[in-house]
Amino acid sequence: MAVIRDVMPAFELFQPATTDDALALLAKYGSDAWVLAGGLDSFDWLKDRIKRPKVVVDMSQASGLRGIKEVNGGLEIGAMTTLTEVVRHPLVKEHFSLLAEGAELAASPQIRNQGTIGGNVSQDTRCWYYRSGWKCYRAGGNICFADTPTAINREHAILDADRCVAVNPSDSAPALIALDAQMVIRGPGGERVVNAQDYFVGPDINIMRMTVLKPNELLTAIRIPGTWGGAKFYFEKIRDRQVWDFPLVNVAAAMKVSGGKIDQIRIAVNGVAARPLRLTAVESAVIGKPADAATGEMAGKIAIQGAVALRFNAYKIPLLRNLVKRAIGGVQEAAWKS
Amino acid sequence: MEIIEFARSPWGQDVPIHISFTLIWVCGIAGLAFLIGHAIYVKFMAKPEEFEVTPPELAAKVPEKIARHSLVSRLFHWVMAAAMFTLLFTAFLPKVGFPFAWVTYHWMAGLVLTASILFHLIHANFFLDPWAIWPDKTDIEDAKRRLLRARGEAVPAPRKFAKYPMENKMYHMIIVLTGLSVTITGFFMMFRVSTPFFTRNPYLFGDMTWGWMYVLHGLAGVGLIALIMAHVYFAIRPEKFAMTKSMVFGSIDREHFLEHHDPKRWVVTESSK
């Protein structure tokens with residue numbers, strides 16, 4: 001149902017200079033408003049006439065939401081900071097290279113120049129049934145077109161599906177979860193801070209949203225504590241095209257190892273469920289064990305417990321298993337260097 | 001406001017998909033308005049109920065306590081009530097701003113409700129008087145008399161009730177309709193989600209049939225919001241509270257019986273003492 005992909009529809013454009021102004025606009029226009037960050041997810045929706053907001057609130061002029069600063073040994077990244085700025089920032093590269101790698105593997109250089117970290121974590125799913133405008137569960141309907149006996153669902157979920165089998169496509173999200181990041185949200189009631197892993201919601205909780213952001217709220221910043229600074233990191237993304245594609249599956253791990261054994265670990269994956277998943281069962285199982293292939297193999301088997309394949313995505317189960325195995329056992333060899 | 005939402009199917013057909021969820025608020029507000037209106041009417045406008053007098057010789061035979069609901073009936077009622085509340089909360093709380101993982105709890109409560117209804121059908125039809133809850137000719141004549149007397153017309157006083165007042169019987173009929181609607185549609189809708197019982201089959205029916213099934217499920221569901229509100233309201237009204245107590249303890253006392261019930265229409269036997 002995609003039409004006139006190169007022409008923007010009519011809407012009223014606002015470019016607030018502050019978060020307060022933006023929130024006032026969201027309060028005023030409610031569900032008629034659409035928040036635009038880098039525009040890379042938004043423009044598809046708008047040009048295809050699938051989403052038809054009357055008002056677009058473009059956050060590009062809100063300079064207070066841009067930039068990276070050091071806070072108590074950690075970082076605070078404005079939501080409007082571009083992915084390129086994240087990738088190139090010296091503190092990110094030096095202490096939190098996991099995020100730099102995840103962000104650098106997102107899309108293409110041009111897109112990373114325009115796309116923001118806030119937009120990357122808040123982007124909608126790429127399920128083509130949904131994005132083509134079919135009235136599926138996620139669009140307010142009563143069916144998942146990707147989970148029917150004849151559906152084309154190679155990129156869809158193997159874990160935590162609940163009616164909808166769409167997946168979250170963000171590359172920076174699992175890295176932020178592995179770094180124990182916190183998402184700073186502002187709304188009419190003030191500021192609230194949620195852990196990165198709780199920022200994302202699955203279809204069991206809210207089938208029409210990917211995050212806990214309410215329509216009148218804004219993600220303003222992402223805080224990364226110093227906890228995992230300098231830890232051993234592993235990020236790997238598997239995609240169909242190596243130059244520019246969404247992940248089929250990606251994995252992000254932060255690990256502290258002493259005496260060859262894993263002291264602490266955070267591991268998260270994306271592309272397998274409607275939200276990026278922190279693999280807490282894997283974390284618990286590998287603590288105190290050597291960071292080697294045997295532990296990785298055990299971790300991989302735990303990671304895929306409960307996985308259910310659809311018609312065309314069974315390959316994701318061994319893919320997830322092997323990525324988790326490599327994240328645990330191959331950290332030394334695969335450490336990313338910018 | 002549209003009552004039913006439609007969508008274009010992959011075959012280019014406009015099919016219903018569900019009710020407008022604004023109806024949740026419409027039914028909630030309608031239910032509340034009814035309660036307030038009824039409370040005002042009873043407090044300020046209603047005339048005292050007048051019934052035919054019970055002959056003293058019949059009244060003398062009525063024991064101190066009269067069994068109204070057996071233990072089995074009471075258990076059924078409270079199990080059904082728990083299932084119904086679970087269904088309403090799991091269905092509508094996420095729609096009004098309290099998101100949680102509701103689907104599994106919803107169909108589990110639905111199964112409990114379905115099982116309790118099946119049990120009730122067998123129990124009521126084979127172990128109780130199945131006609132006691134359905135309006136009879138006397139109920140309809142007396143309802144007419146009550147209505148005319150409320151309008152000030154000189155008609156004979158209505159007779160007292162049989163085991164169940166006319167309002168109970170009317171409510172039961174509406175609950176039968178809505179309850180069967182939600183359980184039958186809900187049973188088929190379980191084929192749309194993953195459960196341990198069936199293999200998912202979204203193609204069990206065509207888009208149009210599925211759509212109307214969702215609409216009927218939704219209409220009956222939001223209707224139950226108002227119906228349950230009314231039920232709870234009447235359960236806690238002072239003049240009805242004796243009946244509510246009987247749903248806990250099983251019996252009503254002689255005074256309440258003689259005030260509202262006709263010993264000729266509700267024959268108290270030894271077994272009910």
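1. Chain B has nine helices and four strands; helices here are DSSP runs of H or I with at least four residues and strands are runs of E with at least two, numbered from the N terminus. Read from the N terminus on, the elements of chain B go β-β-α-α-β-α-α-α-α-α-α-β-α.

2. A word on what you are looking at: this is a predicted model, where local features need pLDDT of at least 70 and side-chain atom pairs count only at pLDDT 80 or more, while totals for chains, interfaces and linings use all residues. Residues are numbered from 1 along each chain as its sequence is written, and chains are lettered from A and ligands numbered from 1 in the order in which they are written.

3. The C-alpha trace of chain B spans about 70 × 40 × 35 Å along its principal axes. Of its 273 residues, 22% are buried (20 or more other C-beta atoms within 10 Å of a residue's own, with C-beta atoms placed from the backbone). Among chain B contacts between residues at least 6 apart in sequence, 75% join residues at least 24 apart; a contact means C-beta atoms, placed from the backbone, within 7 Å.

4. Now to chain A, with 14 helices and 12 strands. Its radius of gyration, 19 Å, is close to the 20 Å that the globule rule gives for 338 residues, so chain A is as compact as a globular protein of that length (the radius is taken over C-alpha atoms, and the rule is 2.2 Å times the number of residues to the power 0.38). Buried residues account for 52% of chain A.

5. The domain assignment, automatic or from a database, gives chain A domain 1 (9–57) and domain 2 (232–334). Their C-alpha centres lie 36 Å apart.

6. Strand E10 (residues 249–258) of chain A deserves a look. Seven of its 10 residues are buried, so E10(A) is largely enclosed by the rest of the structure. E10(A) pairs in the antiparallel sense with strand E9 (residues 232–238) of chain A over seven bridges, pairing being at least two DSSP bridges between strands. Here Phe235(A) stands opposite Ala252(A).

7. What do E10(A) and E11(A) form? They make a hairpin with two residues between them, and Gly259(A) in the turn has a positive phi of about 60 degrees. Strand E11 (residues 261–270) of chain A pairs with E10(A) over nine antiparallel bridges, and Asn250(A) stands opposite Asn270(A).

8. Finally, the interface: 12 residues of chain A are in contact with 13 residues of chain B.

Terms used: Two residues are in contact if their C-beta atoms, placed from the backbone, lie within 7 Å. A residue is buried if 20 or more other C-beta atoms lie within 10 Å of its own, exposed if 12 or fewer, and partly exposed in between; C-beta atoms are placed from the backbone.
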